[in-house]
Amino acid sequence: MFVVCLSITTVRHLTGASCLGFHVFNNTTIRIKLDSGAETNVLTKKDFEAAVPKRQRRSKLKTSAAKLTAFGGHNIPVIGKCYLKCQYKGATEVLEFQVVETGKSLLGCRNCKSMKLITFHNVDQLRNKPINDASPQSSLNGLTSEQIFEKYSKCFDGLGRISDPYHIKINSDATPVVHPPRKLPSALRDRVQNELQEMESRGIIKKVNEPTAWVNSMVVNEKRSGKLRICIDPRDLNKALRCEHSGFWQMPLDEESSYLTTFNTPFGRYRFTVIPFGVVFAQEVFHKTVNEKFHDLPGCETDIDDILIWGRILEEHDQNLERVLNRVTERQMSVSTNQGHLSGRNAYGKWCQA
């Protein structure tokens, strides 16, 4: 009888994450992300098919009653579950994987620990470890996460800006398009008007009274929190852009580019002063800009709009964190507390081992 066995051949440290290289029966490798925040193991359908021979897939895929929820709160449909033998550095275990249609394959916290791919260290124990570094002690030493937020409150306040105004480049043969305002459900009118006024007060948009060559339609999305997100429908504008650059409100637009984002509403026309959501200029531009601000700092890596900070022990982590927060202050940036957290300063710190 053929037994599927996944042999871990590599552990690669990527930006903000580590991935396992699983060698499978047909001499291919599938990559599974180490996720100490996941409560179960997940295998995508594509990786399941790569790991299991076609003749065995029906018998290997079992019915699963598991309900998976992503970090953002949405449900992840489960196709089934399977049990696969995994090997790493002499250790062999049969692991349960929930098989999903799409997404990323993950190895959850329990099996990350059981296969000794990560270790958990008590913060008090780490404080007692010597650090082979002559750098001065961090001023964050002994502070709680709440005290750090208070000390650097300006870093977590307001929208901030991270760059000089960005200029949108349009193809010379592009034909401007003007869209009329779309109808709004009566139940949303007051909420949309209030949101527009709030965005205007924060300097994200400005009222437009003069004629403009480009006028986009407004799109209103309701987020899980119940708050409205106002975007533009930039399909015509996107076709006219010279290069592909999602939307980041911390990146300002220059005056000329701002008028290209003019959009129609039942309450008049507005233009974005920052890169709006929906336009195709920005993930790589934003990532490049953020990376330029922090690439020279030790123990720091950027991943689009995330800043990842680490240290071998807590003191080193705090030194690196302090450098980052000082840089944020110097560059007059701001960090979101809605999506960010000082995870390395919780009751336990997590470090990956190769």
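The chain exposes about 19900 Å², of which carbon and sulfur atoms supply 48%; areas come from the Shrake-Rupley method with a 1.4 Å probe. This is a predicted model, in which local features need pLDDT of at least 70, side-chain atom pairs count only at pLDDT 80 or more, and totals for chains, interfaces and linings use all residues. Residues are numbered from 1 along each chain as its sequence is written, and side-chain values use heavy atoms, leaving out hydrogens and water.

**Overall make-up**
- Of the 354 residues in the chain, 42% are buried, meaning under 20% relative accessible area (1.4 Å probe, protein chains only).
- Ten helices and 18 strands form the secondary structure; these are DSSP runs, with at least four residues for helices (H or I) and at least two for strands (E).

**Nonpolar cores**
- The largest nonpolar core has 20 residues, and Leu-43, Cys-82, Leu-84, Phe-97 and Leu-107 touch the most other members; a core joins buried Ala, Val, Leu, Ile, Met, Phe, Trp, Tyr and Cys residues through side-chain atoms within 4.5 Å.
- Strand 7 provides the largest share of this core, four residues.
- Apart from it lies another core of 15 residues, including Leu-196 and Ile-205.

**Strand 15 and its partners**
- Strand 15 (residues 268–272) is largely enclosed by the rest of the structure, because four of its five residues are buried.
- Strand 11 (residues 205–208) pairs with strand 15 in the antiparallel sense over four bridges; pairing requires at least two DSSP bridges.
- Phe-272 in strand 15 is the bridge partner of Ile-205.
- Strand 14 (residues 263–265) runs antiparallel to strand 15, joined by three bridges, and the two form a hairpin with two residues between them.

Conventions
Buried < 20%, exposed > 50% of the residue type's maximum accessible area, 1.4 Å probe, protein only.
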